[in-house]
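Here is a protein chain to read through, from its overall form down to single residues. Please look at the sequence and the structure together.

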Amino acid sequence: MDKIIIEGGRPLTGEVRVSGAKNAALPIMAASLLTEGWNTFSNIPDLMDIRTTRKLLQSLGVVIEGTSGTVRLNASEISNIEASYDLVKTMRASILVLGPLVARLGIARVSLPGGCAIGARPVNLHIKALQEMGAEVALTDGYVEARAKRLKGAPIYFDIPTVGGTENIMMAATLADGVTLLKNAAREPEIVNLAEVLNGMGARISGAGTDEIRIEGVERLHSVEAEVIPDRIEAGTYMIAAGITGGDIRVMDCNPIHLCALVEKLRDAGMIVEPVDGGVRAAGNGKIRSVDIKTLPHPGFPTDLQAQMMSMMAVAEGLSVITETVFENRFMHVGELMRMGADIHIQGHSAIVKGVSALKGAPVMATDLRASASLILAALAARGTTELSRVYHLDRGYQDIEKKFSALGAGIRRVSGSS
């Protein structure tokens with residue numbers, strides 16, 4: 001199994017281009033199930049989760065041309081309504097085929113999903129919403145089975161903002177009878193991207209990006225050509241990397257508006273963050289001030305950047321408190337950071353981080369996707385050599401991360417080895 005070796009202590013300089021957003025591409029690819037004909041989606045990243053989604057959709061009968069970049073999908077002949085455990089077990093986003101299948105075919109059987117062990121992320125909100133739209137739903141042998149002759153529009157209130165739930169039900173509602181109103185909906189940019197794609201297919205969706213989304217069902221949808229937005233989490237990871245290494249980089253093909261909460265915290269920490277044509281400049285001066293962070297649903301601070309910010313706070317001047325409110329098990333990177341000399345104490349849902357003068361290279365192990373990124377950032381700033389194992393997590397969400405960091409001057413390489 002591959003490992004990544006990082007020689008720390010080099011400020012990053014230069015320019016890096018952000019890939020398409022995994023968390024936008026996955027639901028957009030699932031949306032192809034709603035239509036006949038060829039859908040063409042551009043800016044699809046080359047990631048393990050994308051490959052898993054390709055296999056899942058192909059198992060349902062979708063014809064797919066291309067693996068990344070521009071990908072064409074044709075779901076004219078869906079031959080299977082079951083998303084098997086073998087395909088779903090590695091990726092929670094697989095549940096996103098549930099809504100489109102029920103909406104178009106009236107039946108779906110989808111395995112309960114797996115993925116990173118960062119929290120329960122239950123699918124009960126998806127199920128409850130489908131039931132309120134008239135579907136009969138049962139949990140049998142680890143599978144969600146849903147049936148509906150035709151879904152009916154309904155007012156849906158989510159107890160908590162749920163990105164996957166909002167996406168799943170928004171897709172399902174496009175082909176339902178009547179109007180569906182999603183209240184307390186998630187507001188992430190990826191949901192706006194999906195709504196734009198669905199509207200391009202002929203859906204009637206308004207309010208995406210707010211906490212109330214209105215979907216007027218239509219009889220059928222048609223194929224579309226659309227583009228996936230840039231990955232704001234990847235962009236944020238590189239911006240934080242500039243700060244932790246005292247570097248000066250330009251992060252291109254990104255939208256700073258999608259990262260307002262991060263930009264504010266980075267500036268509070270002493271970094272220069274300013275828009276440039278086509279992206280953003282992020283620069284550190286070698287002195288990082290401590291800032292407190294509380295993860296929240298968008299437009300709050302993203303939980304997917306919490307681990308990366310913790311790495312930077314580990315070498316900041318002073319004491320910071322990082323509070324995780326989105327997922328209950330997202331501090332698994334703490335033990336690995338402490339192996340590198342970080343001073344961190346967990347108190348309930350908060351991590352108390354006391355900055356140290358320097359981290360030290362050490363053998364560390366990735367526990368999930370964003371933890372992997374946080375350990376690379378820590379290693380880039382550390383003295384000596386860090387060996388990161390279980391890097392398959394990284395390949396789920398970062399395209400060519402070691403190549404992109406290397407192009408910025410980092411001492412980083414991928415090698416073959418055991419976990």
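What radius of gyration would a compact globule with 419 residues have, and what does the chain have? A compact globule would be near 22 Å and the chain has 21 Å, which agrees; the radius is taken over C-alpha atoms, and the globule rule is 2.2 Å times the number of residues to the power 0.38. Along the principal axes, the C-alpha atoms fill a box of roughly 65 × 45 × 40 Å. This is a predicted model, in which local features need pLDDT of at least 70 and side-chain atom pairs count only at pLDDT 80 or more, while totals for chains, interfaces and linings use all residues. Residues are numbered from 1 along each chain as its sequence is written, and side-chain values use heavy atoms, with hydrogens and water left out.

The chain has 14 helices and 24 strands; these are DSSP runs numbered from the N terminus, helices (H or I) of at least four residues and strands (E) of at least two. Take helix H6 (residues 163-173) and helix H7 (residues 189-200), which pack at an angle of about 10 degrees with their axes 10 Å apart. Axes are lines fitted to C-alpha atoms, for helices over the stretch in contact, and angles run from 0 to 180 degrees between N-to-C directions. H6 is therefore roughly parallel to H7 (angles under 35 degrees count as such). Where the two meet (heavy atoms within 4.5 Å), H6 contributes Val-163, Thr-166, Glu-167, Met-170 and Met-171, and H7 contributes Glu-190, Ile-191, Leu-194, Ala-195 and Leu-198.

Next come some details of the backbone. Most residues other than glycine have a negative phi, and most peptide bonds are trans. Asn-184, in the loop between strand E11 (179-183) and H7, has a positive phi near 60 degrees. Arg-390 also has a positive phi, near 60 degrees, and is placed in the loop between strand E23 (385-389) and helix H13 (392-395). Between His-298 and Pro-299 there is a cis peptide bond, with omega about 15 degrees. Pro-299 belongs to the loop between strand E18 (293-294) and helix H10 (306-313).

Terms used
Angles under 35 degrees count as roughly parallel, over 145 as roughly antiparallel, 65 to 115 as roughly perpendicular and the rest as oblique.
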